Amino acid sequence: MKILFLNGPNLNLLGTREPEVYGRTTLKDIEAKVRERATKFGVEIDFRQSNLEGELVAWIQQSKGNCNVIVLNAAAYTHTSIALRDAISAVGVPTIEIHLSNVHAREEFRHKSLIAPVCRGQISGFGADSYILAVEASVNVNLNSK
Ligand code: CA2
């Protein structure tokens, strides 16, 4: 089994800016934790970040046949991107939406996710643990889709 983790704009800044909101853990630290947990499940991980909407769309399109589940922290594109939503919908690879922060406890504009209706579920508010929980959720989603 293979899980594709996709991270959207500005997540490359994690741990270096606004630690009061997003903590001191870097995206590299999160990737290491994800890989450690995935090893326990015998799962392969592809972990990527892009600041470009089109690049995220291309990676979603290319995921068909290459991975079993996508875990997507679309960052700000969560709230704006019909393109990402259409790509998830078109490709049909089960996708789990994740967020570090609890988007529902933040500004009103973060309460709306354009991708949520085409995702299998949402994990939000557990910091780096949102990523770890997503590994477990992905394994279950994959088992249940067989
Ligand atoms: O909580 C999350 O994971 C978010 O997806 C993070 C996005 C935000 O737009 C979403 O509403 C919720 C923002 C990612 C920006 O990351 C930064 C990291 C360090 C410094 C500045 C931004």
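Student: Hi! What should I know before we start, and what kind of model is this?

Tutor: Hello! This is a predicted model, where local features need pLDDT of at least 70, side-chain atom pairs count only at pLDDT 80 or more, and totals for chains, interfaces and linings use all residues. Residues are numbered from 1 along each chain as its sequence is written, and side-chain values use heavy atoms, with hydrogens and water left out.

Student: Okay, helices. Which residues of α3 are buried?

Tutor: In α3, residues 53-62, the buried ones are Leu-56, Val-57, Trp-59 and Ile-60. Buried means under 20% relative accessible area, exposed over 50%, and partly exposed in between, using a 1.4 Å probe and protein chains only. Helices (H or I, at least four residues) and strands (E, at least two) are DSSP runs, numbered from the N terminus.

Student: Why are those on the same side of α3?

Tutor: Because they cover an arc of only 165° around the axis. That arc is taken from the directions from the helix axis to the C-beta atoms. An α-helix has 3.6 residues a turn, so residues three or four places apart point the same way.

Student: And what does the face turned away carry?

Tutor: There you find the exposed residues Gly-54 and Gln-61.

Student: What do the buried residues of α3 pack against?

Tutor: They pack against strands β1 (2-7), β2 (44-49) and β3 (69-73), plus helix α4 (82-91). Contact here means heavy atoms within 4.5 Å.

Student: New one: Asn-7. Is it buried or exposed?

Tutor: Asn-7 is buried, with a relative accessible area of 1%, and its place is in strand β1. Not counting residues up to four places away in sequence, Asn-7 touches several residues, including Leu-56, Phe-47 and Tyr-131.

Student: Which side chain does Asn-7 join in a polar contact?

Tutor: That of Tyr-131, at 2.6 Å. A polar contact is a pair of N or O atoms within 3.5 Å; within protein, one must be able to donate a hydrogen and the other to accept it, and residues adjacent in sequence count only if both atoms are side-chain atoms.

Student: What about Thr-78, where does that lie?

Tutor: Thr-78 lies in the loop between β3 and α4 and is buried, with a relative accessible area of 0%. Its side chain reaches the backbone oxygen of Ala-75 at 2.6 Å.

Student: What is phi like at Ala-75?

Tutor: Phi of Ala-75 is near 50°, a positive value in a residue other than glycine. Ala-75 is found in the loop between β3 and α4 and is buried, at 16% relative accessible area.
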